[in-house]
Amino acid sequence: MFIDVSKIYVKAGDGGKGCHSFYRDKWNRVGSPDGGPGGDGGAVIIEADFNIHTLLDFQYRQHHKAESGTHGSSNHKKGREGIDLRIKVPPGTLIKDANTGMILRDLVKPGDLVTIAKGGGGGRGNSRGRDAECGAPGEEKKLILELKLIADAGIIGYPNVGKSTLISKISSARPKIANYPFTTKEPALGVVNFSEGRTMVVADIPGLIEGAHAGRGLGHEFLRHVERTKILIHIVDCSASEGRVPHSDYVNLNNELKLYSKELAKKPQVIALNKMDCPHAKANLKGFKKCLKGKKIFPISAVTGEGIKELLDAVYKKVKGLPVT
Ligand SMILES: Nc1nc2c(ncn2[C@@H]2O[C@H](COP(=O)(O)OP(=O)(O)OP(=O)(O)O)[C@@H](O)[C@H]2O)c(=O)[nH]1
Ligand SMILES: [Mg+2]
């Protein structure tokens, strides 16, 4: 299962107690106060790490605590500071406050980090002529970690149009493929290998339908996985099975994207008309081209492999910002 949302609880270390003590000489006579302060508690730091790819570990371990500072001691000795706790997450993780839903930080690149909970300060000792104090408690927070898959290209389309068939053809990803809508329930990533070591990451997401932005079908929550992709591969079923019209599918799905996010709707799209091996597909393609004059369309068959090379070349060029001819 691909875990992309996790709830965790973090607690920074408490400050150590200040010491209450008085100097005593060798005859045990009480002198001036000499209690040292407590050490500061360690902070909780969340860091994006290149080697982490999922939030799976957080399913098993939800509580994360940094070390507390130790108490001060006599002879003005300060307590030791607590060690900071570093939590590693995949790049692309969004950190939200679980209570308010507010976004606290977006860790986009490897190496990005944030101190999410500050350690409590150590308490003052009595050495300055005042009473010794307890240390301050470390901050504690309930957080939601949300991972947005970072792929170069995202495959979008109605259910059953062949999105998963395409990703399994072009990469080693093996999502379930079946002839019914909503086969795919979780997003999947596939790495496409071209010659000369060129690669590209493609994301397959569950099918979208009209009303998805309002939660119909599997809802729009999967769209966030393609929010960060550079381009979208928009797949339309050209066999027009179940009485659907390819052109209306294309228009309706784009409307749906607009309702969800204007930015997502503005993302460059490569349009692929799938299932060209089916009867009537050629006639439907003609009709589709007429409606979308001037737009480049790639007729493909994810099953036979027809047209896939041309599609991938165009996708790769668009991802790299090269002109598509
Ligand atoms: N004839 C033909 N059938 C195809 C082609 N591509 C996919 N199919 C079939 O269409 C059906 C749906 O394919 P999927 O890849 O599961 O479709 P999907 O878009 O991922 O579907 P959801 O995950 O449910 O949204 C399967 O029965 C595939 O075998 C194609 O190019 N030609
Ligand atoms: Mg699928």
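Ser164 is buried, and so is Thr184, where buried means under 20% relative accessible area, exposed means over 50% and partly exposed lies in between, calculated with a 1.4 Å probe on protein chains only. This is a predicted model, in which local features need pLDDT of at least 70 and side-chain atom pairs count only at pLDDT 80 or more, while totals for chains, interfaces and linings use all residues. Residues are numbered from 1 along each chain as its sequence is written, chains are lettered from A and ligands numbered from 1 in the order in which they are written, and side-chain values use heavy atoms, with hydrogens and water left out.

Ser164, through OG, and Thr184, through OG1, coordinate the magnesium ion (ligand 2) at 1.9 to 2.1 Å. Donors here are N, O and S atoms within 2.8 Å of the metal (3.2 Å for Na, K and Ca), and water is not among the atoms, so sites may look incomplete. Because Ser164 lies in helix 2 and Thr184 in the loop between helix 2 and strand 12 (188-193), the pair ties together parts that are 20 residues apart in sequence. Helices (H or I, at least four residues) and strands (E, at least two) are DSSP runs, numbered from the N terminus.

Ser164 has a relative accessible area of 8%, and, when residues up to four places away in sequence are not counted, Ser164 touches Pro175, Lys176, Ile177, Thr184 and Asp204, contact being defined as heavy atoms within 4.5 Å. Seven of the eight residues of helix 2 are buried, so this helix is largely enclosed by the rest of the structure. The buried residues of helix 2 are covered by elements that include strand 11, strand 12, strand 13, strand 14 and helix 6.

### Domains and nonpolar cores

The domain assignment of the chain gives domain 1 (5-147) and domain 2 (153-319), with bounds that come from an automatic or database domain assignment. The centres of domain 1 and domain 2, taken over C-alpha atoms, are separated by 47 Å.

A nonpolar core is a set of buried Ala, Val, Leu, Ile, Met, Phe, Trp, Tyr and Cys residues joined through side-chain atoms within 4.5 Å. The largest nonpolar core has 39 residues, of which Ile156, Leu166, Met200, Val202, Ile233, Leu311 and Val315 touch the most other members. Two or more residues of this core come from each of strand 11, helix 2 (163-170), strand 13 (199-204), strand 14, helix 3, strand 15 and helix 6 (308-319), and helix 6 gives the most, with seven residues. A second, separate core of 20 residues includes Val44, Val114, Ile116 and Leu143.

Leaving aside neighbours within four places in sequence, Met200 is in contact with residues that include Asp152, Phe194, Leu312, Val315 and Val319. Leu232, which lies in strand 14, is buried with a relative accessible area of 0%. Although Leu232 and Ala153 are 79 residues apart in sequence, their C-alpha atoms are 5.4 Å apart in space.

The expected span of a helix is 1.5 Å times one less than its number of residues. The table sets out two helices in these terms.

| Helix | Number of residues | Expected span | Span between end C-alpha atoms |
|---|---|---|---|
| Helix 3 (residues 246-260) | 15 residues | 21 Å | 21 Å |

In helix 3, Pro246, Asp249, Tyr250, Leu253, Asn254, Glu256 and Leu257 are buried. They cover an arc of only 155° around the axis, which puts them on the same side of helix 3, the arc being that of the directions from the helix axis to the C-beta atoms. What covers these buried residues of helix 3 includes strand 14 (231-237), helix 4 (262-266) and helix 5 (281-291). In helix 6, the buried residues are Ile308, Leu311, Leu312, Ala314, Val315, Tyr316 and Val319, and helix 6 is followed by Gly321, whose phi is positive, near 75°.

Most residues other than glycine have a negative phi. Asn160, which is not a glycine, has a positive phi of about 70°; Asn160 is placed in the loop between strand 11 and helix 2 and counts as buried at 15% relative accessibility. His280 also is a residue other than glycine with a positive phi, near 70°, but His280 is found in the loop between strand 15 and helix 5 and is exposed, with a relative accessible area of 61%.
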